Amino acid sequence: MTSDSLRRSSCVPVAGHSYRCRRFLPWVAFFLIIITVQFYAIAVKDFGFLNTLQSLTTNKHRKTVGSGPLHVLLIAYARTGSSFLGDLLQSLPGTFYYFEPLHFLSNPVLNSSFHEARSLLDKIFHCNVSKIQGFLMWQKKHDKYMKLRRSFEYWRTCSKFKTCYNGSYIDAYCRNHTTLIAKTIRLNLKEASKLFDTHPELNLKIIYLARDPRGTLNSRMKFPVAAWCNKDPMCSIPKHFCSALSEDLDTICSLSSNRPDDFAVVRYEDLAMDPFGVANHLVKFLGLPSMPTEMEVFLNTHTSVTGNVKEISQ
């Protein structure tokens, strides 16, 4: 058999329309391009670009095609245990966590900025932080607030390449995760819940953290919290704070009735008394079959038992 006949026999028709070898040519070309560009990215040390390529060529951190990442918004007030709950949630594998991104706008978010706040959250959940003008520059300038540093896994990774405030890098890193979580004490529940209608393309779940207002207000009276809390009537004056909570209760009733699969309430007191029970509830709410080992490790290393009560390590 001649070499020409061998080539023809290896390219026999498939389903009467195409040839085997021709069928694989696009894939061969695709992988050659990927390898070439990855080599370029490594050569010029463009790690953000390299991470983007890796997210395109692996399904390690992706859910089924078309489902997209899960977007989780944690809404709370100052001194309600939100930092601990945020850290608990970010212990879940495949999670990218944003700590207080709305601090960039104001403290708290003013009425005139509600639309801007939802737009900022939308960009964060779509991994377009680089498109938020001035956001990363503000983060770097106010590094004492440690916003990005509170995303522990991200900070460990980006510190290796010194790219923590690089927009392309953070966007690429974000796209390589299946669960994106943002925690804020600067947007009320009513305005946050409007994301369900204004940005329906989000795969959004909202967690609302509640605490007995007496404990919250007592905690706010202590130094150094009182220094900044006293500047905000809603933070320091019980009447204003309780009025906000009353409005939240109306929204809670509405969301619990209309969006029971997308909205959950966590009580600080329950979290303190039974952190494993609350964690299991949240795991099921987020659609996971069971509590991951990483979350168990976090709870075992950040809580302790005093008598019959499980205490949260601050």
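Five of the five residues of β4 are buried, so I noted the strand as largely enclosed by the rest of the structure.

I was working from a predicted model, in which local features need pLDDT of at least 70, side-chain atom pairs count only at pLDDT 80 or more, and totals for chains, interfaces and linings use all residues. Residues are numbered from 1 along each chain as its sequence is written, and side-chain values use heavy atoms, with hydrogens and water left out.

Next I looked up the partner of β4, and found that it pairs in the parallel sense with β5 (residues 179-184) over five bridges (DSSP must find at least two bridges for a pair); Ile 181 in β5 is the bridge partner of Tyr 97.

I then turned to helix α7 (residues 152-161), whose buried residues are Tyr 154, Trp 155 and Cys 158. They cover an arc of only 95° around the axis, taken from the directions to the C-beta atoms, which puts them on the same side of α7. On the other side I found Arg 156 and Lys 160 exposed. Among what covers the buried residues of α7 are β4 and α8 (167-175).

Finally I checked α8, where seven of the nine residues are buried, so this helix too is largely enclosed by the rest of the structure.

How values were computed: Buried < 20%, exposed > 50% of the residue type's maximum accessible area, 1.4 Å probe, protein only. Helix = DSSP H or I, 4+ residues; strand = E, 2+ residues; numbered from the N terminus. Contact = heavy atoms within 4.5 Å.
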